Amino acid sequence: MTGPLHLGADIGGTKIEGVLVAADGTVLAHHRVPTPAREGRDAVLGALLTLLAELRGHAPAGLPVVGVGLGTHGVVSHHDGVVTLASGALPGWTGTPLRRAVEEELGLPVVVDNDVNVLAYAEMAFGAGQGHQDLLFVTVGTGVGGAVITDGRLLRGEHGSGGELGHAPVAAAAGLPCSCGAEGHLDAVASGTAIARAYTAAGGAELSTSQIARRAAEGDPRAQTALAVAGSALGEAVGGLVSVLDPALVVIGGGVASCGDHWWEPLRRGVRAAALPLLRDVPLRRPRLTRAAAARGAAALAARTLLPPSSRQAPATPRAPARPEAAESPGTAEA
């Protein structure tokens with residue numbers, strides 16, 4: 001085994017998972033600890049730093065750890081590694097200077113991104129998207145999340161919310177309140193929460209999406225309708241993005257993706273109806289990775305985007321333009 005090593009970690013509301021990864025992507029060590037979310041930000045940072053230090057200690061002699069990749073719950077400002085918005089799953093996490101905290105403790109360069117983004121990156125590097133540089137990643141669970149990779153690079157956007165598919169407007173969600181406070185977004189009709197709500201509203205019992213899926217397989221028309229409406233709405237949104245982005249494939253995961261053909265068939269039809277004719281047959285695949293996928297994706301992102309400490313140089317001081325008028329003017333598994 002040769003080459004530098006990287007650390008990767010995924011910080012969620014219930015667990016922090018980390019890996020030590022070799023240059024060829026081999027996982028050399030893997031740790032998981034509960035997230036002390038209710039104890040506040042400092043406790044979560046402490047648990048993360050302890051886990052990373054332990055993983056670093058597993059590095060074979062002579063192989064340096066040269067960088068760290070972090071995936072975290074919440075919206076991330078990729079430029080400075082600050083969590084700009086997090087939900088109640090991690091109280092006090094909003095505003096956390098995650099990159100600075102880890103760099104100061106470990107003395108290594110750090111890249112920070114959203115957890116769905118690093119999941120998508122893992123699938124491109126090691127999973128269902130391996131060999132491709134353009135993919136759309138969708139995860140459907142309690143909510144709807146997404147990530148876009150174009151030419152091998154994550155699309156993050158100006159504020160770090162690039163790829164947030166759950167807040168795309170769709171006709172089936174018209175008038176329905178979204179978790180973000182607006183109305184008519186995909187999350188309000190296609191998420192697992194929305195499926196359960198629709199089933200109950202139609203006269204069904206309060207059930208989980210997996211239970212609703214079983215009811216649908218047994219012939220319950222209310223369950224079948226709830227899954228079909230959600231799958232069709234997701235297909236409409238995915239098909240529109242396929243037309244815009246022209247990905248090589250779409251990887252669709254999350255708990256709802258296990259709901260069977262009563263969800264998948266409307267999804268496929270929705271994609272075909274919304275996508276350009278040339279792109280209607282874009283492959284729709286399930287994720288291939290399971291164990292520590294987000295942490296592995298974070299480590300891969302670090303390996304491919306960070307320079308080791310010995311290679312980093314202080315940025316050059318920009319020179320002012322010679323004349324004020326010379327400055328640039330502001331512009332106006334396949335399912």
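In strand 4, Val65 is the bridge partner of Leu5. The model is a predicted one, in which local features need pLDDT of at least 70, side-chain atom pairs count only at pLDDT 80 or more, and totals for chains, interfaces and linings use all residues. Residues are numbered from 1 along each chain as its sequence is written, and side-chain values use heavy atoms, with hydrogens and water left out.

Helices (H or I, at least four residues) and strands (E, at least two) are DSSP runs numbered from the N terminus. Two strands count as paired if DSSP finds at least two bridges between them. Strand 1 and strand 4 (residues 65-72) run parallel and are joined by 7 bridges. Strand 1 also has 6 bridges to strand 2 (residues 15-21), and these two run antiparallel. With 3 residues between them, strand 1 and strand 2 form a hairpin. Within this pairing, Ile11 stands opposite Ile16, and Asp10 has Glu17 as its bridge partner in strand 2.

## Burial of strand 1

Strand 1 (residues 5-11) is mostly covered, with 7 of its 7 residues buried. Here buried means under 20% relative accessible area, exposed means over 50%, and partly exposed lies in between (1.4 Å probe, protein chains only). Leu5, Leu7, Ala9 and Ile11 point one way from the strand, while His6, Gly8 and Asp10 point the other way; all are buried.

## The sheet and the helix across it

Strands of a sheet pair through backbone hydrogen bonds, either parallel or antiparallel. In this model, 5 strands form an open sheet of mixed pairing, in the order 3-2-1-4-7. Strand 3 (27-34) and strand 7 (110-114) stand at the edges with a single partner strand each, so one side of each is left without a neighbour in the sheet. On average, neighbouring strands of this sheet are turned by 15° against each other, direction ignored.

Helix 9 (residues 293-305) lies across strand 1, strand 2, strand 3, strand 4 and strand 7, and runs at about 135° to strand 1. Axes are lines fitted to C-alpha atoms, for helices over the stretch in contact, and angles run from 0 to 180 degrees between N-to-C directions. Contact means heavy atoms within 4.5 Å.

## Leu119 in helix 3

Leu119 belongs to helix 3 (residues 115-126). Its relative accessible area is 27%, and Leu119 is therefore partly exposed. Not counting residues up to four places away in sequence, Leu119 touches Phe137, Ala293 and Ala294. The C-alpha atoms of Leu119 and Ala59 are separated by 24 Å, and the two residues are 60 residues apart along the chain.
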